[in-house]
Amino acid sequence: VAPVSSAGFCDKTGDATAAPQQTTESVSCTIIQNFDYAGFDLEEVSSPNVNYCSGLCESNPDCYYFTQTKWSMCYLKGMGAGANGVEATWADTGFCVRGDMETAIPTTAADTTLGNIPGCTLEANTDYTGMDLSYAQGFLSNSVTDCAQMCKDDNNCHYYAFTIYGLCYLKTAAAGSFKTTATWASAGHCPKNGDAEFDITAVPPECTELEDLDYYGSDIPEHSAIPDMTVPKCATLCYNIPECHFYTLTKWNDCYLKTKFAGDMEPIAAEGFTTGSCLKLGDIDLGLN
């Protein structure tokens, strides 16, 4: 998804399409195209465009997320909506960072110390792909330090990531197998018992494994050409990312995660490739069971 800055508004008397007057609180809103934060609705309002919808959220102190549909409806949403982000061709969405919430992340090695959180590491320009805890998939956090503290305090969290948009992701022990370079995030590890023994050596039972074949196309852009992977890791990553239904590992060990539309065609011959599908809730309608 491609975030863009939201526009400002000047409320005029009699202007039917002007956004509400800005609050005195410091608020910064970001718009994300073709995306939706599902649920946690505070209010449903008629709106001509996403910029107007952003202004409505900005002026509502309880609003942290918003969605503008193609049918000119704006949905203002509470804090919890950050855990429910999904791709949506019929909507544009966004979030508003309020008050003194810090959205900057460390960008140099000198900035990567967490002196007040002993036992957790922090690396700039890093992400651990997927493996998010179901209840902590992208919520607004005051700072990378707060995000790390939440991970340390949660017995289920072993890794965390904090993005330039002020979003915190708490992750399972499996995330350690999926470290990647990411200019838009910083991430770290808060070790817990059992970390050293954790490894991914088998394809999940919900996923198939087909050799010398490829479900061509329908790649998920942000989850394509992930390097240095194995078949079990590629399949596990697909199973744990909601929008992934198919995967392919190339003979060069690059992993490609794919949408449900990859199954619209039969897999093609591809020597040295391994491909497969991962059954998700509701996939009975896709013929994957």
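The legends below describe close-up views of a predicted model.

Residues are numbered from 1 along each chain as its sequence is written.

**Figure 1. Overview of the protein.** The protein has three helices and 16 strands. Helices (H or I, at least four residues) and strands (E, at least two) are DSSP runs, numbered from the N terminus. Of the 289 residues, 48% are buried. Buried means under 20% relative accessible area, exposed over 50%, and partly exposed in between (1.4 Å probe, protein chains only). The accessible surface is about 14,200 Å², and carbon and sulfur atoms hold 50% of it. Accessible areas come from the Shrake-Rupley method with a 1.4 Å probe; for residues, only the protein chains shown count as cover. Among contacts (heavy atoms within 4.5 Å) between residues at least 6 apart in sequence, 69% join residues at least 24 apart.

**Figure 2. Confidence along the chain.** pLDDT is the predictor's confidence in each residue, from 0 to 100. Its mean over the protein is 79, and 79% of residues reach 70 or more. Residues 1-23 have pLDDT below 50; beyond near neighbours in sequence, this stretch has 40 contacts in the model. Residues 107-111 also stay under 50. The model gives residues 107-111 five contacts beyond four places in sequence.

**Figure 3. Lys77 in strand β5.** Lys77 sits in β5, which spans residues 73-77. Its relative accessibility is 3%, so Lys77 counts as buried. The Lys77 side chain makes a polar contact of 2.5 Å with the side chain of Asp41. A polar contact is a pair of N or O atoms within 3.5 Å; within protein, one must be able to donate a hydrogen and the other to accept it, and residues adjacent in sequence count only if both atoms are side-chain atoms. Leaving aside neighbours within four places in sequence, Lys77 also has contacts that include Tyr37, Phe40, Asp62, Cys63 and Tyr65.

**Figure 4. Cys157 in its loop.** Cys157 lies in the loop between α2 (144-153) and β9 (159-163). With 0% relative accessibility, Cys157 counts as buried. Not counting residues up to four places away in sequence, Cys157 touches Leu133, Cys151, Leu170, Lys171, Cys190 and Lys192. His189 is 32 residues from Cys157 in sequence, yet their C-alpha atoms are 9.0 Å apart.

**Figure 5. The sheet β13-β16-β14-β15.** Four strands form this open, antiparallel sheet, in the order given in the title. The edge strands are β13 (210-214) and β15; each has a single partner strand, so one side of each lacks a neighbour in the sheet. Neighbouring strands are turned by 40 degrees against each other on average, direction ignored. β14 and β15 pair in the antiparallel sense over four bridges. Two strands pair if DSSP finds at least two bridges between them. Tyr256 in β15 is the bridge partner of Thr248.

**Figure 6. Helix α3 against the sheet.** α3 (residues 231-240) is largely enclosed by the rest of the structure, because eight of its ten residues are buried. Among them are Val231, Pro232, Ala235 and Leu237. Their cover includes β14 (246-249), β15 (255-258) and β16 (268-277). α3 lies across β14, β15 and β16, and runs at about 155 degrees to β14. Axes are lines fitted to C-alpha atoms, for helices over the stretch in contact, and angles run from 0 to 180 degrees between N-to-C directions. At the N-terminal end, Thr230 caps α3: a side-chain oxygen lies 3.2 Å from the backbone nitrogen of Lys233.

Definitions and conventions: This is a predicted model: local features need pLDDT of at least 70, side-chain atom pairs count only at pLDDT 80 or more; totals for chains, interfaces and linings use all residues. Side-chain values use heavy atoms; hydrogens and water are left out.
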